[in-house]
Amino acid sequence: AFITGWTFVYGIYYFIAADRLLLEKRLKQIKEKSILKIERNVELQRSFLDRVVKPFLRWISTITRKFTPVKKRVDLEKKLLLAGKPMGLSSHEFISLYYAMAVLMGLIGFGSAFIGRLNVFSQMLCGLWGLVIGYLMVELYLRTKTKSRQEQILKKLPDVLDLLTVSVEAGLGFDSALSRVVQKIKGPISQEFSTALQEIKMGKQRKDALKDLGSRTGVEELNTFISAIIQADQLGVSIGNVLRVQSVQQRNTRRQRIEEKAMKAPIKMLLPMVFFIFPTVFIVILAPAVIQMIENFSK
């Protein structure tokens with residue numbers, strides 16, 4: 001009787017509310033599909049590096065970190081700081097990139113030798129050379145990023161000092177002048193000053209934050225400027241005068257650096273001229289005479 005009564009009541013409820021239940025079921029399906037579609041679109045909007053490369057390197061790092069010496073990891077962290085942490089990779093992930101590129105290039109070298117039907121010794125040698133080249137490619141990439149970043153900082157440093165000088169002489173404090181630099185100037189040096197300002201706001205002393213800024217960049221001229229600011233702050237010297245002197249000095253240093261590059265240009269141009277331009281000129285000038293001599297001797 002209970003089962004019959006419950007079935008009768010449920011049948012009446014289902015008959016009355018069938019349309020509403022069907023509508024709720026349909027809306028639930030549409031909502032689930034829309035959520036899946038949004039999640040898929042968000043996932044596809046991420047770069048290939050974030051979706052595939054980083055998870056793969058993170059998975060490799062769970063294995064490689066057990067065999068990586070601490071000293072090597074610390075040295076690599078310093079190199080990554082100088083390079084501005086390219087691709088946002090940690091030291092463990094970058095070590096995994098070393099291994100992954102070495103293995104990939106080794107397989108490519110071995111596969112190329114195998115397709116070329118070389119002997120076993122040549123195949124092993126090509127695979128070994130691929131391992132070395134893959135490792136060196138990552139090291140070269142890191143050094144290139146470091147050099148490029150330091151050159152950008154050197155290029156922007158005189159403009160930064162000019163803006164700091166004008167801001168301080170207008171009545172702003174040094175920290176406020178740094179904030180103005182962060183707002184007006186873009187690039188690695190602006191990012192480093194922004195990081196230093198955040199550290200100062202979090203309670204770190206100004207001299208320590210500036211020293212860390214210098215160690216993160218590795219630029220000698222910037223370290224000289226930081227040392228002058230710290231010394232002026234400790235001795236009570238006017239920062240405006242120090243900034244003015246540093247600005248003039250950095251402009252002169254930049255001019256000397258450009259003159260040095262201009263003096264080196266003819267020497268660097270000598271090699272391509274000897275091996276590429278002169279042979280072409282000789283061919284253009286002497287070829288008609290050589291052809292005429294050959295025709296005369298052939299007669």
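Leaving aside neighbours within four places in sequence, which residues is Q246 in contact with? Q246 is in contact with L161, T224, F225 and A228, where contact means heavy atoms within 4.5 Å. The model is predicted: local features need pLDDT of at least 70, side-chain atom pairs count only at pLDDT 80 or more, and totals for chains, interfaces and linings use all residues. Residues are numbered from 1 along each chain as its sequence is written, and side-chain values use heavy atoms, with hydrogens and water left out.

- Helices (H or I, at least four residues) and strands (E, at least two) are DSSP runs, numbered from the N terminus.
- L76, L80 and A83 are the buried residues of α4; buried means under 20% relative accessible area, exposed over 50%, and partly exposed in between (1.4 Å probe, protein chains only).
- These residues lie on the same side of α4, because they cover an arc of only 60° around the axis; the arc is that of the directions from the helix axis to the C-beta atoms.
- The exposed residues V70, K71 and K78 are carried on the face of α4 turned away from its buried side.
- The cover over the buried residues of α4 includes α5 and α6.
- After α4 comes G84, with a positive phi near 80°.
- K85, in the loop between α4 and α5, has a positive phi near 50° and is a residue other than glycine.
- Most residues other than glycine have a negative phi, and most peptide bonds are trans.

- S91 belongs to helix α5, which covers residues 91–115.
- With a relative accessible area of 6%, S91 is buried.
- Apart from neighbours within four places in sequence, S91 is in contact with R73, L76, E77 and L80.
- R117 is found in the loop between α5 and α6, and has a positive phi of about 60° although R117 is not a glycine.
- R117 is exposed, with a relative accessible area of 78%.

- V132 lies in helix α6 and counts as partly exposed at 36% relative accessibility.
- The C-alpha atoms of V132 and A102 are separated by 6.5 Å, while the two residues are 30 residues apart along the chain.
- S167 is also found in helix α6, and S167 is buried, with a relative accessible area of 6%.
- S167 touches L172, A177 and R180, not counting residues up to four places away in sequence.
- Between the C-alpha atoms of S167 and I35, which are 132 residues apart along the chain, the separation is 51 Å.

**Packing of α7 and α8**

- Two packed helices are described by the angle between their axes and the distance between the axes.
- Helices α7 and α8 pack at about 145°, and their axes are 9 Å apart; axes are lines fitted to C-alpha atoms, for helices over the stretch in contact, and angles run from 0 to 180 degrees between N-to-C directions.
- The crossing of α7 past α8 is left-handed; a crossing is left-handed if the near helix is turned anticlockwise from the far one by less than a right angle, and right-handed if clockwise.
- D175, L178, S179, V181 and V182 of α7 make this contact with S190, F193, S194, L197 and I200 of α8.

**Helix α9**

- Helix α9 (residues 206–217) has 12 residues and reaches 17 Å from its first C-alpha to its last, close to the expected 16 Å.
- A209, L210, L213, G214, R216 and T217 are buried in α9.
- Their arc around the axis is only 165°, which puts them on the same side of α9.
- The buried residues of α9 pack against α4, α6, α7, α8 and α10.
- Just after α9, G218 takes a positive phi of about 70°.

**Packing of α10 and α11**

- Helix α10 packs with helix α11 (residues 239–298) at an angle of about 165°, with their axes 10 Å apart.
- The two helices α10 and α11 are therefore roughly antiparallel to each other (angles under 35 degrees count as roughly parallel, over 145 as roughly antiparallel, 65 to 115 as roughly perpendicular and the rest as oblique).
- α10 passes α11 in a right-handed crossing.
- The residues making the contact include T224, F225 and A228 of α10 and Q246 of α11.
- Q246 is placed in helix α11 and counts as buried at 7% relative accessibility.

How values were computed: Expected span 1.5 Å × (residues − 1).
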